[in-house]
Amino acid sequence: MIPAARSAAQPASTESGLCLSSSNAASGPVLNCAGRLLDLQHPRVMGVINATPDSFSDGGTLFRGSDLDLQLAMERARAMVASGAAILDIGGESTRPGAAPVSFQQEMDRVLPLVEKIARELDVVISVDTSSPELMLGAAAAGAGMLNDVRALTREGALEAASATGLPVCLMHMRGEPQDMQDDPLYDDVVTEVLAYLSQRMAACIDAGIARENLLLDPGFGFGKTVDHNLHLLHDLARLSELGLPVLVGLSRKSMIGKLLGRDVDERLPASLALAVLAVERGAAIVRTHDVKATADALAMWVHTVERGKG
């Protein structure tokens, strides 16, 4: 198993599967996520918890009627941590293609009680998937350790709110908004344009007072991109390393698998695992997934192979 995040006072993990000595555990980037250290020497698994009734893959599975069932959500959170998730990514607004926006109050009502409960009961980095400045501030106060914004802090007030939290922030590329992002997206050179956009957002964040070492990048697979765009991005993913920041990818159960292989959402695990390994081979530091145990196993085997190769 790949070691999970640890508190600032803890030494590097020596869990079965990988043994990291304290002398080499800090050779990769280390993010301070509200007191929990996330060592990116090896790829990490981010488990997805959708506190939404309409997300594309598992929306509504944690709801009873119109309300989030906290007990069900906590059961899923515990299972993900036990299966190897170093990060839990909690979102209260669906960003699937065609999704309608929700009010910031509705988003906060879905997310904050779960963040508070996980922060009290589990030793894991909590990421909040949001573009709302109000939720960024509320989540930080409730115990979140990372922000994950599909709009790369472009919403009014988001840069200032993210800076005020002092938390690491993942900036994602998206062309358009969820309602229209898949309406014939066009690029002259998708890789170059995604790199240019993320570079601009990095500069804006640094100007707003966010430390460079607190930034991560996500090319936004499936967010305003065709299957061909996604394949070009994955093929050239290593180019994102030119920007010098950790890369997060979300390829789990994506529609590109269905379009290429004809698989329904519940049949996309094998292809999702292949995409995860291809991404880490090209430099991805964090893999966002709905299927934590299988993904953690796949990445652990990749790490074992790389470590043996070094010997």
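I began with D89 and R288, whose side chains meet in a salt bridge at 2.7 Å, N to O; a salt bridge here is a side-chain nitrogen of Lys or Arg within 4 Å of a carboxyl oxygen of Asp or Glu. D89 lies in strand 7 (residues 87-91) and R288 in strand 13 (residues 286-289), so this pair ties together parts that are 199 residues apart in sequence. Helices (H or I, at least four residues) and strands (E, at least two) are DSSP runs, numbered from the N terminus.

I then looked up burial, where buried means under 20% relative accessible area, exposed over 50%, and partly exposed in between (1.4 Å probe, protein chains only). D89 is buried at 0%, and R288 is buried at 18%.

A note on my source: this is a predicted model, where local features need pLDDT of at least 70, side-chain atom pairs count only at pLDDT 80 or more, and totals for chains, interfaces and linings use all residues. Residues are numbered from 1 along each chain as its sequence is written, and side-chain values use heavy atoms, with hydrogens and water left out.

Next I checked R253 and D291, which form a salt bridge at 2.8 Å, N to O. R253 sits in the loop between strand 12 (248-250) and helix 7 (255-261), and D291 in the loop between strand 13 and helix 9 (292-310), so the pair links parts 38 residues apart in sequence. R253 is buried at 16%, and D291 is buried at 17%.
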